[in-house]
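Trainee: Could you take me through a few backbone and sheet features, and show me how to read each one?

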Amino acid sequence: MIAPNALSTLANLKSMLGITGTDKDTILEIMLNGASNHIEKWTGKRFNLQSRTEVLTPSGSSPRLYLKASPIASIASVTLDGTVLPNGGYIAGTEAGYLAYASGFWPAGVQNASVVYTGGYVLPKDATQQTPQTLPAEIELAALKLAAGFYNRSTMEGASNSSSGGMSVSFADVFGEDIKALLRPYRMIHV
């Protein structure tokens, strides 16, 4: 089963690999789900469009708080030290996925800010004619390349590790510079 955060579709992966039958669908779904999870971990972002609540720890030295899902579609509430901020209390950088504190720097604290919002992209598997895909093509391509690379490595003779039920191949073996280059613009940088 394709996971809610899958960054492409089984049909697109099968097309990329030139596979037409259904006998490999389960393993391909596992690889696509794994590739999508790996990309989310590497970028530090969540790409699927959904409502979220994030609890944040402002450093006190930054005017911005970066959220894990961008773009920001809507903000339900922003709370700081237990007080809900009015709409003018923050400015949303919707495409970049940040909130700027209207009074300067966010006050330092430990988990003293929370944001309830909807953020992320419409993924290929969720797209309809009324709601088209908004996930950038390079993110989907990275997921497809990673899943295809993992599939190709797992079917090679002489793969280095074996486990019960077959070969084991690390995602690190196929997560190359070409894939990283596609994803770098979307990577969350922690400062």
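Predicted model: local features only at pLDDT ≥ 70, side-chain atom pairs only at ≥ 80, totals over all residues.

Trainee: In which order do the four strands form the open sheet?

Mentor: Strands are DSSP runs of E with at least two residues, numbered from the N terminus, and two of them pair if DSSP finds at least two bridges between them. Here the order is β1-β7-β3-β4, with antiparallel pairing. Because β1 (50–56) and β4 each have a single partner strand, they stand at the edges, and one side of each is left without a neighbour in the sheet. The antiparallel pairing of β3 and β4 runs over two bridges, and Leu80 stands opposite Thr83 in β4.

Trainee: Which residues does the cis peptide bond join?

Mentor: The cis bond, with omega about 0°, links Ser70 to Pro71, and Pro71 is placed in the loop between β2 (64–66) and β3 (72–80).

Trainee: Is Asp81, with its positive phi, buried or exposed?

Mentor: Buried means under 20% relative accessible area, exposed over 50%, and partly exposed in between, using a 1.4 Å probe and protein chains only. Asp81, not a glycine, has a phi of about 50° and is exposed at 52%, in the loop between β3 and β4 (83–84).

Trainee: Where does Gln111 lie?

Mentor: Gln111 belongs to the loop between β6 (98–101) and β7 (113–119); this residue, also not a glycine, has a positive phi of about 50° and is exposed, with 56% relative accessibility.

Definitions and conventions. Residues numbered from 1 in each chain as written. Heavy atoms only, no water.
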